[in-house]
Amino acid sequence: MSETLLSTIDLAVSAGGTRLLEGITLKLHAGEMLALTGPSGCGKTSLLRAIAGLDDPDAGEVRFREQPPEHTGWPAFRRHVTFVHQRPVMLNATVEENLRRPFRYRHVAREFDRDRAVALLKDFGLGEEHLAQEARTLSIGQQQRVSVVRALLIEPAVLLLDEPTSALDEDARSAVENLLRREGHRNGRAALLVTHDREQARRLCDRSLDLREHLPEAGPRMRGGDDG
Amino acid sequence: MAEAQTVGAIELSAIDLAIAGGLVLVAGVVSVLLRLGLEKRLLLAAVRTVVQLLMIGYVLKWVFDIDTLWAILPVVLLMILAAGHAAVHRSSRTFPGVLLRAVGTLAMSGFITTVIVTGVIVGAQPWYEPQYLIPLLGMVLGNGLTGISLSLDTLLEQLVERRDEVELHLALGATRWEAARDALADAVRRGMIPTINSMMVVGIVALPGMMTGQILAGADPLEAVKYQVVVMFMIAGATSTGCIIIVLLAYRRLFTPRHQLDSAAIRARGKK
């Protein structure tokens with residue numbers, strides 16, 4: 001059995017005081033892609049944010065390589081277990097600056113590899129000429145691809161992907177899926193993919209976890225907003 | 001109609017004040033003739049000017065007669081509390097504990113700077129001599145509260161409107177300091193700009209009130225200038241340290257030790 005990169009133990013999450021999901025215990029192994037599926041509003045995004053430590057869970061623990069995040073500190077943990085937003089977030093700067101920025105963080109501790117950035121962009125259907133373009137002038141589909149490339153460049157051990165293709169059209173979705181299929185497993189990397197699209201889960205992932213089995217007894221009160 | 005001259009200043013009589021009142025009357029007549037409908041407001045404003053200034057005159061007379069530190073401290077504390085309250089109520093957003101932090105900031109930056117000026121630069125004996133301490137502290141707090149409210153407003157606005165960007169940095173492995181740094185720098189800069197701007201134009205666009213007051217009271221203009229320079233530097237020092245302190249205190253409250261942005265703590269202030 002390959003190394004366990006990420007695990008959660010009895011994780012429970014809520015939003016706005018309402019318990020959404022509970023009893024989430026999972027193990028994610030090196031080179032594996034696991035889908036977390038469930039209907040809109042069931043708490044998928046909240047779960048992924050809690051795993052990334054962007055919000056606190058109600059209960060339970062997260063471990064990376066069998067260690068709690070406090071062992072290395074949260075920034076170092078997130079640098080290895082990297083969350084990619086559902087809606088791409090671009091800094092108000094060029095694409096190159098967007099890709100370079102994480103390399104200024106103390107815990108990333110790597111040099112920006114421009115050749116690798118160009119190669120990844122090309123794989124995603126974006127040319128070198130896009131590097132000088134203002135990132136916010138790109139289409140949403142292109143922004144999402146830049147967003148995934150930005151995460152891949154820091155070489156995380158685990159990618160936390162929050163519905164990465166939900167805002168994309170058919171062509172852009174297929175480009176992102178192809179890249180995830182290839183890069184998601186590269187060098188033993190693992191990925192946790194949140195999606196409401198069970199077909200996508202089947203296409204991309206080795207196995208999937210249906211979050212409907214982890215709704216609290218009464219079921220969550222469905223909320224508006226952007227929780228996926 | 002001015003009479004005796006005391007300590008360089010020409011003393012004003014009741015008749016002098018009545019003549020000045022006549023100038024306001026001119027404004028009232030203009031309002032009636034042009035049907036501006038401002039007469040009542042003008043009358044109320046004139047009466048309030050007299051009453052409010054008379055009250056503060058009596059308060060200052062009473063305060064200036066105080067000669068013990070323990071008696072002056074409550075006055076100082078009241079001024080700091082009022083300034084802190086005004087600072088946080090000018091901001092359109094708030095978070096739990098903001099008032100305590102604003103008061104602490106003004107106490108640290110304003111009071112300490114003022115004490116340095118009265119005790120070391122002016123050399124008042126004792127350093128808490130109310131005639132020096134109270135007006136100088138008032139000027140520092142007045143400017144300081146504008147600075148810290150601008151800084152707070154900017155910081156909270158940035159953290160709400162750029163929450164996704166801040167969380168993007170955190171998600172990619174930035175520390176809370178790395179994620180917040182742009183917003184913190186913007187907030188400090190915004191709070192300091194009015195003070196820097198006023199230093200740029202002082203003496204060109206308008207004479208500062210304190211300097212004008214000293215000259216009218218018979219002081220040598222160059223002596224008045226020296227005081228004004230000290231006051232401007234004191235305000236600049238207190239305002240910039242105030243902006244930095246409030247921004248750092250807000251940062252420590254709004255970013256958790258787990259390097260998360262506690263955006264739920266930021267609330268819009270209810271309209272009154």
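Helix axes here are lines fitted to C-alpha atoms over the stretch in contact, and angles run from 0 to 180 degrees between N-to-C directions. The model is predicted.

**Helix pair in chain B**

Helix α3 (residues 69-89) of chain B packs against helix α5 (residues 130-161) of chain B at an angle of about 15 degrees, and their axes are 9 Å apart. Because of that angle, α3(B) is roughly parallel to α5(B), the cut-off for this class being under 35 degrees. The crossing of α3(B) with α5(B) is right-handed. From α3(B), the contact includes B:I72, B:V75, B:V76 and B:M79. Among the residues that α5(B) supplies are B:L133, B:L137, B:G138, B:L141 and B:G144. Sorted by class, this contact of α3(B) with α5(B) has 15 nonpolar residues, three polar ones and no charged ones.

**Sheet in chain A**

Strands of a sheet pair through backbone hydrogen bonds, either parallel or antiparallel. In chain A, five strands form an open sheet in the order β5-β6-β7-β3-β8, and the pairing is parallel.

| Edge strand | Residues | Partner strands |
|---|---|---|
| β5 of chain A | 81-84 | a single partner strand |
| β8 of chain A | 207-210 | a single partner strand |

Since β5 and β8 of chain A each have a single partner strand, one side of each is left without a neighbour in the sheet. On average, and with direction ignored, neighbouring strands of this sheet are turned by 20 degrees against each other.

Strand β3 (residues 33-37) of chain A runs parallel to β8(A) and is joined to β8(A) by four bridges. A:L34 has A:R207 as its bridge partner in β8(A).

Conventions:
Residues numbered from 1 in each chain as written. Chains lettered and ligands numbered in written order. Predicted model: local features only at pLDDT ≥ 70, side-chain atom pairs only at ≥ 80, totals over all residues. Helix = DSSP H or I, 4+ residues; strand = E, 2+ residues; numbered from the N terminus. Parallel < 35°, antiparallel > 145°, perpendicular 65-115°, else oblique. Left-handed = near helix turned anticlockwise from the far one by under 90°. Contact = placed C-beta atoms within 7 Å. Nonpolar A, V, L, I, M, F, W, Y, C, P; charged D, E, K, R; others polar. Pairing = 2+ DSSP bridges.
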